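Subject: Structure handover and notes

Hello,

Here is the structure you asked for, with the sequence.

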Amino acid sequence: MEFNLEWYRVFYQTAKTGSLSKAAERLYITQPAVSHTIKQLEGRFGGQLFFRTPRGVTLTAEGEVLLRYVEQAFQLMESGERAIADMHSLNSGEINIGGSDTLCKHYLLPFLEQFHGSHPEVKIRVTNRTTPETLALLKEGKIDFGIVSLPASDKQIDFRISSPVQDCLAGGRDFSKLAEGGLCLADINSYPLLLLEPGGSTRSFIDKYASSHGVRIEPEFELGSIDLLVQFAIRGFGLAFVIRDFVTDELAAGQLVEIPLIPAMPVRHIGIATLRGVPLSAAAKAFLALLP
């Protein structure tokens with residue numbers, strides 16, 4: 001049977017007002033249009049839904065049964081409209097974000113704190129993965145957007161450039177003299193090196209930087225996060241490739257010293273990845289508006 005929502009809307013207003021004319025006023029249609037619709041609905045069910053009286057209309061037993069269901073349906077639709085309105089006003093909703101541990105800690109966290117303070121009813125879920133894994137999650141529809149290390153490319157994904165980051169070589173206090181004169185990239189394997197594990201965009205960037213100058217880096221330690229690299233470097237295990245902006249406290253305290261590399265490493269950027277052609281929720285749009 002074909003479902004006609006307008007028929008039930010007319011039925012509902014007629015039942016609630018007890019009047020064909022009042023229902024017509026509420027629905028901004030004519031009284032004959034209301035009468036015609038009621039007759040069509042009664043013809044569908046094969047019996048009367050209203051008794052006509054001098055003072056208006058009253059429901060038959062069949063009409064009473066139908067009203068209970070129609071009323072529930074319209075209440076559910078109104079609840080749905082309120083829920084959507086709440087989402088657009090950021091009184092509810094959910095954001096799913098992907099990003100590495102390092103980017104979440106050093107880049108994303110202040111913005112998460114700001115957004116949560118303004119919109120505490122919006123749920124935020126963060127999935128920590130490398131940039132390649134984050135992009136895979138985005139294409140699978142498991143996150144709304146990703147915070148990634150650039151450069152990165154994918155035909156299905158749009159990348160927005162955000163904050164610049166500068167990679168650098170750093171070591172503990174024992175390397176203070178080396179920091180004074182700098183280090184030629186060609187001589188880098190003369191020292192114990194600490195690098196991130198292969199597979200992530202940061203490690204790929206460093207390997208490409210070295211190979212573009214004819215050098216193959218041979219690390220002594222491969223670790224899972226920049227925070228671990230920092231701790232190993234502070235304890236004298238070797239020289240670590242880290243992001244300068246993320247170790248400012250350690251550099252200022254003298255726990256780490258930066259060793260200038262010759263030639264210098266190029267600047268790269270943090271990026272915001274979204275799936276091309278897929279609209280974002282109101283909450284996700286509001287959060288992204290906070291990011292530089």
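The notes below go through the sheet, the salt bridges, the backbone and the surface.

This is a predicted model: local features are given only at pLDDT of at least 70 and side-chain atom pairs only at pLDDT 80 or more, while totals for chains, interfaces and linings use all residues. Residues are numbered from 1 along each chain as its sequence is written, and side-chain values use heavy atoms, with hydrogens and water left out.

The sheet

Helices (H or I, at least four residues) and strands (E, at least two) are DSSP runs, numbered from the N terminus. Two strands are called paired if DSSP finds at least two bridges between them. Five strands make an open sheet in the order S4-S3-S5-S14-S6, and the pairing is mixed. Strand S4 (123–128) and S6 are at the edges with a single partner strand each, so one side of each has no neighbour in the sheet. From one strand to the next, the twist averages 20°. S5 and S14 run antiparallel and are joined by four bridges. Gly146 stands opposite Ala273 in S14.

Two helices lie across this sheet. For the angles, axes are lines fitted to C-alpha atoms, for helices over the stretch in contact, and the values run from 0 to 180 degrees between N-to-C directions; contact means heavy atoms within 4.5 Å. Helix H6 (residues 131–139) lies across strand S3 (94–99), S4, S5, S6 and S14, at about 160° to S5. Helix H11 (residues 282–290) lies across S3, S5, S6 and S14, at about 50° to S3.

Salt bridges

Side chains of opposite charge can pair when their charged atoms come close. A salt bridge here is a side-chain nitrogen of Lys or Arg within 4 Å of a carboxyl oxygen of Asp or Glu. By this rule there are twelve salt bridges. For accessibility, buried means under 20% relative accessible area, exposed over 50%, and partly exposed in between (1.4 Å probe, protein chains only).

Arg9 and Glu6 meet in a salt bridge with an N to O distance of 3.3 Å. The two are three residues apart in helix H1 (residues 5–17), so about one helical turn separates them. Arg9 is partly exposed at 27% relative accessibility, and Glu6 is partly exposed at 45%.

Glu140 pairs with Lys142, and their closest N and O atoms are 3.3 Å apart. Glu140 counts as partly exposed because its relative accessible area is 49%, while Lys142 counts as exposed because its value is 55%.

Which residue forms a salt bridge with Asp158? The partner is Arg276, with the closest N and O atoms 2.7 Å apart. Asp158 is in strand S6 and Arg276 in the loop between S14 and H11, so the pair ties together parts that are 118 residues apart in sequence. Asp158 is partly exposed at 31% relative accessible area, and Arg276 is partly exposed at 45%.

The backbone

Most residues other than glycine have a negative phi, and most peptide bonds are trans. Tyr28 has a positive phi, near 60°. Tyr28 is in the loop between helix H2 (20–27) and helix H3 (31–45), and with 77% relative accessibility Tyr28 counts as exposed.

The peptide bond from Leu150 to Pro151 is cis, with omega near 10°. Pro151 is in the loop between strand S5 (145–149) and strand S6 (157–165). Another cis peptide bond joins Ile262 and Pro263, with omega about 0°. Pro263 is in the loop between strand S13 (261–262) and strand S14 (268–275).

The surface and helix H4

Patches are made of residues with over 30% relative accessible area and no salt bridge, joining like charges within 9 Å and nonpolar side chains (Val, Leu, Ile, Met, Phe, Trp, Tyr) within 5 Å. Accessible areas come from the Shrake-Rupley method with a 1.4 Å probe; for residues, only the protein chains shown count as cover. Phe3, Leu5 and Met77 form a nonpolar surface patch with about 270 Å² of accessible area together. Met77 is in helix H4 (residues 61–88) and is partly exposed, at 35% relative accessible area.

Gln75 is also found in helix H4, and its relative accessible area of 43% makes Gln75 partly exposed.

Regards
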